[in-house]
Amino acid sequence: MLQIDKIAYTNRLTKINPMLKFVVSITLLFTAIIFENILFYLVITVGIAMILTLYAGIELGRYIKLLLIPSSFLFMSIMTILLSISSSVDLFIYKIQIGNIYIGITQTSLDTCIILLLRSIACLSATYLLALTLPMNQLIRVLKTLKMPTVVIEMVMLIYRFIMMFLEEYNEMQTALYLKFGYGNLRISYRSIALLITSLFTRMMSRYEELNISLEVKLYNGDFHV
Amino acid sequence: MKRFKSPIFICSLLLLTFFSVREVQAMHIMEGFLPKGWAVFWTLITIPFFILGIRKLNSIFKNQPNKKLLVALAGAFVFLLSALKIPSVAGSCSHPTGVGLGAIMFGPTIMTVIGVIVLLFQALLLAHGGITTLGANAFSMAVVGPFVSFGIFMILRKRNVNIGVSVFFASALGSLCTYIVTSIQLGLAFPDPVGGVAASLVKFLGIFAITQIPISTVEGIITALVYDKIKEYEGESILNEKIN
C-alpha cells in the first residue's frame, strides 16, 4: 500500500466531514498561491504541521520525510533561477568570474527564490492536509458534491481501484527481478523492465477479460453507481 | 581569501546539483511552484483538450460500455509505470512518462483525460506534481506528449518505417517534448533578472531538457521492447482495435 494512502485511512482526522477538510485545505492552498506574504507562508506551514502531528497523530519524522519528497526538484530549479550569467559585474551581490563572464546571484533572483521556496513548502503542506486526511472514498464523495462529470468520477474510482489491485503484483514482480539479479547491469535491467511492463500488461488484459465476465453476470449495463 | 572561497562554494553547489540528479523523478512542476497567473494560464489551455477527451470517451462508452474498464486499466498502467525506476546513464534514475505507449495504443485525446487523472493521483498519493500546477503539468505530459507521440507514430507508419523504429521515435520524442515544454513553462514563469526570458529559457532547457535526452532515449528503447512483446503475446489485431 502507498504510504500517503495508508495514513489517509488511519489518522485521527479521517472521520471528520470530508467536505470541510476539502474546503479548508483548498482554501489554504489558493490563498497561499494568491497572496505573496512570507509571514503567511510560515504560518501555514507551521500551522498545518501542528494540525497533522498533534491532531491527526502523524509522527513528526514521517511528516518531514514526506515534505522532503520533492526536494530534488526544488533544489535544481531554485539553483537554476538563482544563478545568472552576465558580462557586467555590478549586477551581482555574489559572483565568480570565469574568463570574461560572471556567474552569480542577483538581489531580485534571491528575493524570488526565498518567496518561491516558502510558497512551495506552504502549498505542499496544504496539499498534504488534503492528501493525508482525505481518503479516496471521501474524495469521490467530494467530487460528486462538486458535480464533476460522471465519467470522470467513474474513471477516478476505477483507476484508483486498479492501481491498488496491481500495485501488489507489481511489487512482487519487482522483488523477484531484484532477487534474480535482473538489475545487474544496464543491458539486463532494460530487458527486465521491458519484461516487467509486458507481464504487467498481459496480467491486466487477462484481468480485464475476467472483469468483463463478472460484470456481465451482474447484469452490467454501462453504469457504475457511485 | 574571499575570492578563493566563493568558487569553492559555487563548485560544491554545482556538484550537489549533479549528484541530486540521481534522485530526480520525472519533471513534474511541484506544488505551489508556479505563480498564480501562469498556473491559471496553463489550466485554461488544457481545459479544451480535457473536454474533447471526455466527449470522445462518452461517445465510446455509449456504444461499448465494456471499454470503461479498459481505459481505467490504461490509467492504472500509466500510474504504475511512473512508479518504475529506470537506470539511465551516469547512475541517474528516471521513470517513463508512460504516455507515449498509451497514446500509440489509445489515441491522444483519451490520454489527456487519463493523464489528468493520473497526475491528480500522483499529486495526492505520491506528492509528485501538485494541484495548483496540475494544469501546467497536464499540458506538458497529457497534451503535448501524447499528441507528439501519436503524430510521429502516424507519420512514420504512413511512410512504412519499421514498427519498432516508429515506436522508439514516437515515445522518445514525445517524452523529450514533455520535458522541453516543462522547461519552457519554468523559463517563462521565472525570467532571468539579467538576461530576461531568453536567458532563463536557455538555463532551464540546459538543465531540464538536455539532461533528459538520454532518459528519453531509454524510454524510447523500453517502449519499443514493450510494444514488441505485447504484440508477440496478444497478436497485432488487439492493438489496432483497442478502443476506437
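Predicted model: local features only at pLDDT ≥ 70, side-chain atom pairs only at ≥ 80, totals over all residues.
Residues are numbered from 1 along each chain, chains are lettered from A in the order written, and side-chain values use heavy atoms without hydrogens or water.

Helix H8 (residues 150–179) of chain A packs on helix H5 (residues 108–125) of chain B at an angle of about 55°, with the axes 10 Å apart. In H8(A), A:Val152, A:Met155, A:Val156, A:Ile159, A:Tyr160, A:Ile163 and A:Met164 meet B:Ile117, B:Phe121 and B:Leu125 of H5(B) (contact: heavy atoms within 4.5 Å). The residues of this contact comprise ten nonpolar, no polar and no charged.

The contact between the chains takes 81 residues from chain A and 76 from chain B. About 7400 Å² is buried between them, 82% of it from carbon and sulfur atoms (accessible area lost on being put together, 1.4 Å probe, summed over both parts). One salt bridge is found across the interface (Lys or Arg side-chain nitrogen within 4 Å of an Asp or Glu carboxyl oxygen). A:Glu154 and B:Lys68 meet in a salt bridge at 2.9 Å, N to O.

Within chain A, helix H3 (residues 38–55) and helix H6 (residues 107–133) pack at about 30°, with their axes 9 Å apart. H3(A) and H6(A) are therefore roughly parallel to each other.

Terms used
Axes fitted to C-alpha atoms, helices over the stretch in contact; angles between N-to-C directions. Helix = DSSP H or I, 4+ residues; strand = E, 2+ residues; numbered from the N terminus. Parallel < 35°, antiparallel > 145°, perpendicular 65-115°, else oblique. Buried area = accessible area lost by both parts, 1.4 Å probe. Nonpolar A, V, L, I, M, F, W, Y, C, P; charged D, E, K, R; others polar.
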